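Reader: Hey, can you walk me through this one? I'm new to reading structures.

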Amino acid sequence: MRDIDRILDHVIIMNEHRLLLNSPINSITDRLAFINTADPALIDRAFVAQPIVGGSQIVIANDGSYDTEVNLESLFELATTRRDVIDSLFNSQKDNSHE
């Protein structure tokens with residue numbers, strides 16, 4: 001199941017009939033980095049951090065210096081708990097195509 005994120009080229013996340021994220025994988029990895037770390041400084045600046053053996057699995061803003069794969073579990077956690085981050089990074093322009 002974990003390898004499914006390697007064959008995806010687009011992610012749509014919905015929760016309770018609400019569209020939270022609709023974005024290509026490359027756009028997600030351009031904006032977010034998914035890192036396993038024990039570095040307290042990185043953990044402190046993470047949007048979300050989930051404990052793992054030896055540290056935390058975190059999601060931080062990608063300043064262009066990270067080349068990581070998307071972690072779908074962490075991405076879902078971010079989308080459902082930090083909607084503000086998702087909105088600012090991915091939904092800042094309103095889609096008027098439904099009008």
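Reader: ok, and what's the mean pLDDT?

Author: The mean is 88, and 88% of the residues reach 70 or more. pLDDT is the predictor's confidence in each residue, from 0 to 100.

Reader: Where does pLDDT stay under 50?

Author: Over residues 94-99, and the model has zero contacts there beyond four places in sequence. Contact means heavy atoms within 4.5 Å. Where pLDDT is low, the predicted coordinates should not be read in detail.

Reader: New topic. How many helices and strands?

Author: Four helices and five strands, in the order β-β-α-β-α-β-β-α-α along the sequence. These are DSSP runs numbered from the N terminus: helices are H or I with at least four residues, strands E with at least two.

Reader: Which residues of α3 are buried?

Author: In α3 (residues 72-81), S74, L75, L78 and A79 are buried. Buried means under 20% relative accessible area, exposed over 50%, partly exposed in between (1.4 Å probe, protein chains only).

Reader: Why do they line one face of the helix?

Author: Seen down the axis of α3, they fall within an arc of 135 degrees, so they line one face. That arc is taken from the directions from the helix axis to the C-beta atoms.

Reader: What does L75 touch?

Author: Leaving aside neighbours within four places in sequence, L75 is in contact with V11, I13, L21, I28, L32, F34 and V70. L75 is also among the residues with the most contacts inside the largest nonpolar core, which has 17 residues. A nonpolar core is a set of buried Ala, Val, Leu, Ile, Met, Phe, Trp, Tyr and Cys residues joined through side-chain atoms within 4.5 Å.

Reader: And α4, which residues are buried there?

Author: V85, I86 and F90. They cover an arc of only 95 degrees around the axis, which puts them on the same side of α4. Their cover includes β2, α1, β3 and α3.

How values were computed:
Residues are numbered from 1 along each chain as its sequence is written. This is a predicted model: local features need pLDDT of at least 70, side-chain atom pairs count only at pLDDT 80 or more; totals for chains, interfaces and linings use all residues. Side-chain values use heavy atoms; hydrogens and water are left out.
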